[in-house]
Amino acid sequence: MAKNRYSVLFVDNDQGFLSAFRRLFLNEPEIEIFTAQNSKEALESLSRGVIDLVAADQQLEEMSGAEFLRLAKENHPDVLRMLLVTAAEVEAAVRLVNSGELYRFLAKPWNEEELKITIKKGLEHRALERERERLSEQIKSLDGGLKQKVQQRTIQLEKAVARLKQMSEDRKRNFQDTLVLLTQIMACSNRFLGGHSKRVAELSRMTAEKLVDNQDEVEMVYFGALLHDIGLVGAPDTLFSKDAEQFTARENKAFRKHPLIGEVIIGNVHNLKRLSKIIRSHHEDFSGRGFPDGLHAGDIPLSSRVIRIASDYDHLCFRKGRSAGEACSLLKRGSADLYDPRILNVFCNLTGSVMQKQTSVKLVSAGSLEPGMVLDEDLFLKNGLLLLPHGSIIDSQTIKKISAFSSLLDNAKLVQVAVQ
Ligand SMILES: [Fe+2]
């Protein structure tokens, strides 16, 4: 039995029987026997709250044992109830057991050993019930505590996530603001530079998406491409209008410095630092004969290898008027020395299917712009401010922007675009 000591109350009008019950459990120290000669005494004893099991004779004087046990059940439902019955009363007692009024009945005259075993089993049953109740309460309180802890932790985590999200959004916004600012500086600095950067960025991103699964890496290629020529801001126009072979020694020296200048500019911007190496290496040749470091093949950052191809392709298409197919053929001719052949292959397949179609140029109204079109000339406002540079690829954002400024456009709301 789980509990150390139990209390049993016998109720019988016959003092002799009560004494017999006491004697029966004399050698059972874990069972304390209480007795009552009538229902009133018995109810008083029960009211003290220490009784685990009550066994009543059916033949009480003032009420039947069954009636007394019904009262006991009403006031003390947890106390186990047994009824001592004669053979004639067994049938009624069985019905009471079946209806849940009684735990057991004991037939008179009783067998002492059998009575002791029945009482002990009843007490064990009672002990198990109490243990189950105790555990149930414990689980309930544990559940409550856990629930409260989980709720507290959830609130704390939600707050932390919201803080991190806000920080992340702020950082992202700062990053994007910085990029917008720098690309606008580039666009204002030189007519060709703004469009070149955007087109190279788009082409580099599309190429990177074919080469790597990691979206972060794709974004790095895009951002690096967007800023790759920032070191040319403020450079003389001849650096844009001439081929490298036509540069004077001075121009050549200035041109070869622009990756290093770009690296220094971007390296000084805290949240762009990781792009500086990409920018430094965008004029390295695959053969190791490029500048500024003469890096070879896989030593050149992948982003820089992509940008190198996209940038040269853009020069051929937009500065020298080559078609996409011609540009790719020219790039492939120099591929062994200058470009990563695997990336060049991916790039040319991509431009073959996407960019080659952008051949016709026409004027469209601001409301007729469609994603995929490319601005064929700088788009200025009436007050002379540059809205979008030549070469900008039209997407949903640029359409919104042009639409918002359409009444202020310099060219009667018509936009010259290259279309597929
Ligand atoms: Fe460059």
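Which strands does helix α1 (residues 15-24) lie across? Start there, and the rest of the fold can be followed point by point. Keep in mind that this is a predicted model.

1. **Helix α1.** Helix α1 lies across β1 and β2. Its direction is about 175 degrees to that of β2. Ser 19 is found in this helix.

2. In what order do the strands of the open sheet run? The 5 strands are arranged as β2-β1-β3-β4-β5, and the pairing is parallel. The edge strands are β2 and β5 (104-107), each of which pairs on one side only. On average, neighbouring strands are turned by 20 degrees against each other, direction ignored. In general, strands of a sheet pair through backbone hydrogen bonds, either parallel or antiparallel.

3. Look at strand β4 (residues 80-85) beside β5. They pair in the parallel sense over 4 bridges. Val 85 stands opposite Ala 107 in β5.

4. **Helix α3.** This helix also belongs with the sheet. α3 lies across β1, β3 and β4. It runs at about 175 degrees to β4.

5. **Helix α2.** Helix α2 covers residues 39-47, and Ser 39, Ala 42 and Leu 46 are buried in it. Seen down the axis of α2, these buried residues fall within an arc of 60 degrees, so they line one face of the helix. What covers them? The cover includes β1 (6-11), β2 (31-36), β3 (53-57) and α3 (65-75). The face turned away from the buried side carries the exposed residues Lys 40, Glu 44 and Ser 47. After α2 comes Gly 49, with a positive phi near 75 degrees.

6. **The largest core.** The largest nonpolar core has 42 residues. Which of them touch the most other members? They are Ala 225, Leu 227, Leu 275, Ile 309 and Ala 310. At least two residues of this core come from each of α5 (112-189), α6 (191-211), α7 (215-227), α10 (276-280), α11 (302-319), α12 (324-333) and α14 (341-353). α7 gives the most, with 8 residues. As a general rule, nonpolar side chains in soluble globular proteins tend to be buried together.

7. **Ala 225 and the second core.** Take Ala 225 as a worked example. Leaving out residues up to four places away in sequence, Ala 225 touches Val 200, Ala 201, Ser 204, Ile 307 and Ala 310. There is also a second, separate core of 35 residues, which includes Ala 56, Leu 60, Ala 93 and Leu 123.

8. **Helix α7.** Val 218, Met 220, Val 221, Tyr 222, Phe 223, Gly 224, Ala 225, Leu 226 and Leu 227 are buried in α7.

9. **Helix α12.** In α12, the buried residues are Ala 324, Ala 327, Cys 328 and Leu 331. Viewed down the axis of α12, they fall within an arc of 95 degrees, so they line one face of the helix.

10. **The loop between α10 and α11.** The peptide bond from Phe 291 to Pro 292 is cis, with omega near 10 degrees. His 296 is found in the loop too. His 296 counts as partly exposed because it has 14 C-beta neighbours inside 10 Å. Ala 297 is exposed, with 12 other C-beta atoms within 10 Å. Its phi is near 40 degrees, a positive value in a residue other than glycine.

Terms used
Residues numbered from 1 in each chain as written. Predicted model: local features only at pLDDT ≥ 70, side-chain atom pairs only at ≥ 80, totals over all residues. Core = buried A, V, L, I, M, F, W, Y, C linked by C-beta atoms within 7 Å. Buried ≥ 20, exposed ≤ 12 C-beta atoms within 10 Å, placed from the backbone. Contact = placed C-beta atoms within 7 Å. Arc of directions from axis to C-beta. Pairing = 2+ DSSP bridges. Axes fitted to C-alpha atoms, helices over the stretch in contact; angles between N-to-C directions.
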